[in-house]
Structures are given as C-alpha cells and as structure tokens.
Amino acid sequence: MKKDDQKVKLYTGLGIMIVASVVIIGCSGPLYSSLSKIGRVQNTESIYTPGTYEAEAQGFGGAVKAQVTVDEANMTELTLTGEGETPELGGAAMASLQAEILKNQTIEVDSVTGATITSGAVKEAVSKALSAARGEEAEEETTEAVQAATDGLFNPGTYTAEVRGMNPMTITVTFEADKIADIQVEHEETAGIGEPVVGSMTEAILEGQGLAIDTVSGATLTSNAMLDGVAECARQAGADVDALKAKP
C-alpha cells in the first residue's frame with residue numbers, strides 16, 4: 001500500500017513538473033518581453049504604424065543615424081550610429097541618449113554636456129523616424145535657417161552654447177549676416193595647456209571664418225570643445241555647419 005502511495009506521489013510530481021515546463025516554455029517570449037520593459041515608460045494609445053524606421057541628422061563629425069522600431073504605442077528598439085563622432089564625446093553621448101530615450105519614450109531628455117551637437121542630431125534623427133512612424137511629413141526648415149539662407153550666411157545675433165573641454169565651457173558667438181563677428185569663452189581650462197588653446201582657436205576661427213581648424217596636439221578636448229561650441233552657435237544662427245567645416 002505504501003509503495004502504491006509513493007508511486008502516486010511520484011507520478012503526480014512528474015506531472016506537475018511537465019505542466020510547469022510547458023507553461024514556462026509557452027510563455028517565455030511574452031515573459032521576456034514583459035521583463036525587458038521593466039523601468040520603461042509604457043504608452044497605451046495607438047500612435048504608430050508598427051515597423052522599423054530610419055532617419056539621420058547632421059552631427060559634429062558627420063551624419064548621426066537612428067533606427068527606431070515601434071509597436072503601435074511605444075519605441076521597442078533604438079539603434080544610434082555616428083561614425084564621424086568623437087568616440088569619447090559623441091560616442092559616449094549616443095550610448096547615454098539611446099538608453100534615456102528608450103527608457104522615457106521621448107526625445108525630451110537632457111543633452112549630454114560637451115556633446116551638444118551630437119545630442120541635437122540624435123534627437124532630430126529620432127524625431128524624424130518617429131514622425132515617419134506616425135505617418136507625418138518631414139518638418140520644413142526652421143524659420144531661422146530660411147531667413148539665414150535668404151539674407152546671408154547667418155541670422156544676425158548672439159548665441160550661446162554649453163560645452164565641455166577638460167572642464168565646462170560657455171561659448172558665446174556674435175554673428176553678422178555674412179561673418180562671425182566675435183567669440184567670447186568662459187572657461188576654467190588648465191593654465192599652460194587648455195587656456196592658451198582657447199585664445200589660439202578663437203583667433204583661428206575668426207581669421208578663417210570657418211571651422212576647418214586643426215586641433216592642438218596635447219589639448220584635443222579643449223580644441224574639440226571650441227569647435228563644438230562655435231558650431232552649435234552657428235547652427236542656432238541658421239548656418240550651414242557642414243560648409244563652415246569645409247571652408248579653408
């Protein structure tokens with residue numbers, strides 16, 4: 001009698017294990033999908049046509065590309081690439097923004113200090129991809145860009161950008177319609193290393209009226225921050241940043 005009871009218990013236990021295994025295997029896909037979304041903002045309104053969409057925008061060193069996969073309500077995957085971006089600045093910024101945008105389900109996240117142009121390009125590229133997913137037409141050029149193209153190289157005014165060399169820097173650039181008129185830089189770069197580079201880069205940009213300036217050996221971070229900051233100000237002024245980078 002005891003042996004029969006033991007057999008019943010054994011078969012019952014095996015049956016439970018088999019059923020449990022089937023349930024786990026059958027639900028593993030949805031379960032994994034659910035677990036992967038933990039910590040993300042989840043929308044419920046159907047706003048996208050499911051699929052994968054691609055778009056790009058001009059970064060600091062070239063095109064920044066976004067590949068966005070969406071279901072009916074949310075971004076499910078996001079891949080960012082920018083071969084021309086500086087690995088330690090732009091590359092790091094793309095990795096950070098990729099995680100933040102996907103987590104918060106919006107491009108309205110903080111830009112990365114020291115990589116403002118790359119950050120702006122990421123947001124613009126993702127925005128374009130999401131617009132396509134919503135079936136919207138691409139946005140027309142900004143008013144500033146149209147005005148600048150009509151009246152001259154720049155939309156006259158004074159613009160400011162926050163960047164980072166060895167330390168945070170604030171670059172303020174004043175533009176006239178056809179030239180870079182003045183550059184002011186607030187910084188705490190290292191005396192004897194980064195500090196003189198701020199002065200030499202300012203002079204070179206004003207003299208050449210462009211951004212095709214060589215970085216200074218031993219002070220690459222400061223050099224790139226100067227170029228990044230002036231480029232961002234020029235972008236705000238509606239300028240063709242690519243043309244400025246190519247101008248000898």
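**Overall composition**

Of the 248 residues of the protein chain, 36% are classed as buried (under 20% relative accessible area; exposed means over 50% and partly exposed in between, with a 1.4 Å probe and protein chains only). The model is predicted: local features require pLDDT of at least 70 and side-chain atom pairs count only at pLDDT 80 or more, whereas totals for chains, interfaces and linings use all residues. Residues are numbered from 1 along each chain as its sequence is written, and side-chain values use heavy atoms, with hydrogens and water left out.

The protein chain exposes about 14100 Å², of which carbon and sulfur atoms supply 54% (Shrake-Rupley method, 1.4 Å probe).

**Order of elements**

Seven helices and six strands make up the secondary structure of the protein chain (DSSP runs numbered from the N terminus: helices are H or I of at least four residues, strands E of at least two). From the N terminus, their order is α-β-β-β-α-α-α-β-β-β-α-α-α.

Three strands form an open antiparallel sheet in the order 4-5-6; pairing requires at least two DSSP bridges between two strands. Strand 4 (157-164) and strand 6 (179-186) are the edge strands, each pairing on one side only. Eight bridges join strand 4 to strand 5 (residues 168-176), and Y159 has V173 in strand 5 as its bridge partner.

Helix 5 (residues 194-208) packs on this sheet, touching strand 5 and strand 6, and its direction makes about 170° with that of strand 6. Contact means heavy atoms within 4.5 Å; angles run from 0 to 180 degrees between N-to-C directions of axes fitted to C-alpha atoms, for helices over the stretch in contact.
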